[in-house]
Amino acid sequence: MSDSCLKGDKRWWKEVVIYQVYPASFKDDNGDGLGDINGITAKLDYLSELGVNVLWLSPIFESPQKDMGYDISNYLEIHPPFGTMEDVERLIDELKKRDMKVIMDLVVNHTSSEHPWFIDSAFSKKSDRRDWYIWRAPKYDKEGNRQPPNNWASILDDSESAWTYHPETDEYYLSLFSPFQPDLNWENPRVRTEVHEIARFWLEKGASGFRMDVINLISKDQRFPDADVTHPHKKYQPGDKYYANGARLFDYLQEMKRVVLSKYDILTVGEMPFMEDEQQRLEMIKAEEGCLNMIFTFETMGLDSVPEEGRFSFKPWSVAELRQVIKKNQSMKSQKGWASLFCENHDQPRSVSRWCDDSDAYRVAGTKLLCMNQVTLTGTLYIYQGEELGMRNIPARWGPEEYKDIESVSYWKYICSRYADGSPQRERAKDLLRRKARDNARTPIQWDSTSNGGFCPPGVKPWMRVNDDYRTVNAASQTSAGKANERSAIVPPYRFWQRALEVRRQCANLFIYGDFELIEDTHPSVFAFQKSCHLESDVSITVLNCSGKEAEFKIPAKYQVESWLLGSYDVLSLEKAKKGTILLLPWEGLVGLCKTRQGA
């Protein structure tokens, strides 16, 4: 019997509900068309009522905003359009009044090219901070043409090099994401000390932890070799084999933990793309010996992508694949690790558009199905702004000119350079933007049915266009419905999420800490699992029909369903049979509390 439900394993950061705020798109308080800190403060009661305990703020620091704040020019000052340090202090005070916390986005693999450190580094080869970044001399081909130090492709634009030439000093600097985001040289202890001081500053300010942006890229192979040629038709190649999960990653993170993080009772979560090795993951998060509380991994996000084609690709996915990915994620607990649970973030499209059917007929059911999956799995739960409303992707009728993200703009520019207007390739690229662009998650929050969805005042142009469906999909219409109960006939997504989070807290031993087990031999479109905990006599089952067609599910004989706690179709779902075979409607999910039959 697993001991994972024992009281000694419980931590506050396992039990909280974390809500990611993308500041530019959350709420405009001062009427300039851009979200701001005071807009966040104004909506704390909305978040508290939902059941949120912790806010994760995407970067609010001083920045040229060439990659929406992930290019930081001053870690200790606030981006002026977002507000002031006093505004942040007031936000933290208001959170404390509601028994809520905040975690910051720590972006320290790279800085902005406008950061004073980089300006000094780029001034001269003899600059005091020259080795704070990664500089290398050019290579030359057989014809004598200058080339980057190696063939690594940029992460955000794989048609370009990951290196940027600096003619003033005749060297290249590594810039994995864009020329505006030079990579810091973590080999330099002075860089690490500065990072420690940044973390300490925000913890003393009142932050309760950090989400660490692409933190597994901080240790690079110091030989900087050429990557294997996996895309023969492209000049530059994926180099993650050499810049992700490097030899000194564990040491760097352990040093940060020892010097700073361990001095505070905080939450730490690392974004770690390209980390597929399970043992390596466990090394990062294993109980007290690890570096961080948990990490973000991305197998689920890759189910509908073609690996060799990157973000802007698509392939159908299967429930069989989903089962195995979630089973792997849930196995971390049995190995003294801890899982993070998320379906959306600022880098991913809207989940109901991606994994379900976002049509008017099925958007609400699909939103609830995705909610039930997340709230009944073991781990720490992350909700992205607007997910609780069932917000959709950008409509297909919008043109590429509406997309603002640096990655989307680069992709469309590349497509237009290669294919003629009206060509099949361009039309396919438009479809891929609609499916996968990061912009999908960045349209402003739809607060009500007034002009601009209530995000900013009428007559003010928002920094990014509000989704056209704001008149029907908005917070006001969903919160005005009143608090949901299990007998409500029609429950809007916000109220459903609120109810689901209450159920998660009430059954914490099962849903937050419980043991996961797949229910096998189901209909191909049905994903079902049980949760159990030896501290409880009950078990739970979660049953999800991940398709737009009806599907049968046979309740295993060993279970006696006492009650259905949650269902995609509200009262219709909750009145399903408690034993035998049940018919699941399209995108119907159910969560049931069961007794195990004696002798089963």
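**Exercise 1.** Which residues in helix 14 meet which residues in helix 15?

*Solution.* This is a predicted model, in which local features need pLDDT of at least 70 and side-chain atom pairs count only at pLDDT 80 or more, while totals for chains, interfaces and linings use all residues. Residues are numbered from 1 along each chain as its sequence is written, and side-chain values use heavy atoms, with hydrogens and water left out.

Begin with the contact, meaning heavy atoms within 4.5 Å: from helix 14 come Ser408, Tyr411, Trp412, Ile415 and Cys416, which meet Arg426, Ala429, Lys430, Leu432 and Leu433 of helix 15. Sorted by class, this contact has 7 nonpolar, 1 polar and 2 charged residues (Ala, Val, Leu, Ile, Met, Phe, Trp, Tyr, Cys and Pro count as nonpolar, Asp, Glu, Lys and Arg as charged, and the others, Gly among them, as polar).

Next take the axes, which are lines fitted to C-alpha atoms, for helices over the stretch in contact, with angles from 0 to 180 degrees between N-to-C directions. Those of helix 14 (residues 406-418) and helix 15 (residues 424-436) come within 10 Å and cross at roughly 170 degrees. The two helices are therefore roughly antiparallel to each other, a term that applies to angles over 145 degrees.

**Exercise 2.** Find the buried residues of helix 9 and explain why they line one face.

*Solution.* Helix 9 (residues 249-259) has Leu249, Tyr252, Leu253, Glu255 and Met256 as its buried residues, where buried means under 20% relative accessible area with a 1.4 Å probe and protein chains only. Seen down the helix axis, they fall within an arc of 155 degrees, so they line one face of helix 9; the arc is that of the directions from the axis to the C-beta atoms. As background, an α-helix has 3.6 residues a turn, so residues three or four places apart point the same way. The buried residues of helix 9 pack against helix 7 (189-205), strand 11 (209-212) and helix 10 (278-285).

**Exercise 3.** Describe strand 19 and its pairing with strand 21.

*Solution.* Strand 19 runs antiparallel to strand 21 (residues 581-584), to which 4 bridges join it; strands pair if DSSP finds at least two bridges between them. Within this pairing, Lys554 has Thr581 as its bridge partner.

Notes:
Buried means under 20% relative accessible area, exposed over 50%, partly exposed in between (1.4 Å probe, protein chains only). Angles under 35 degrees count as roughly parallel, over 145 as roughly antiparallel, 65 to 115 as roughly perpendicular and the rest as oblique.
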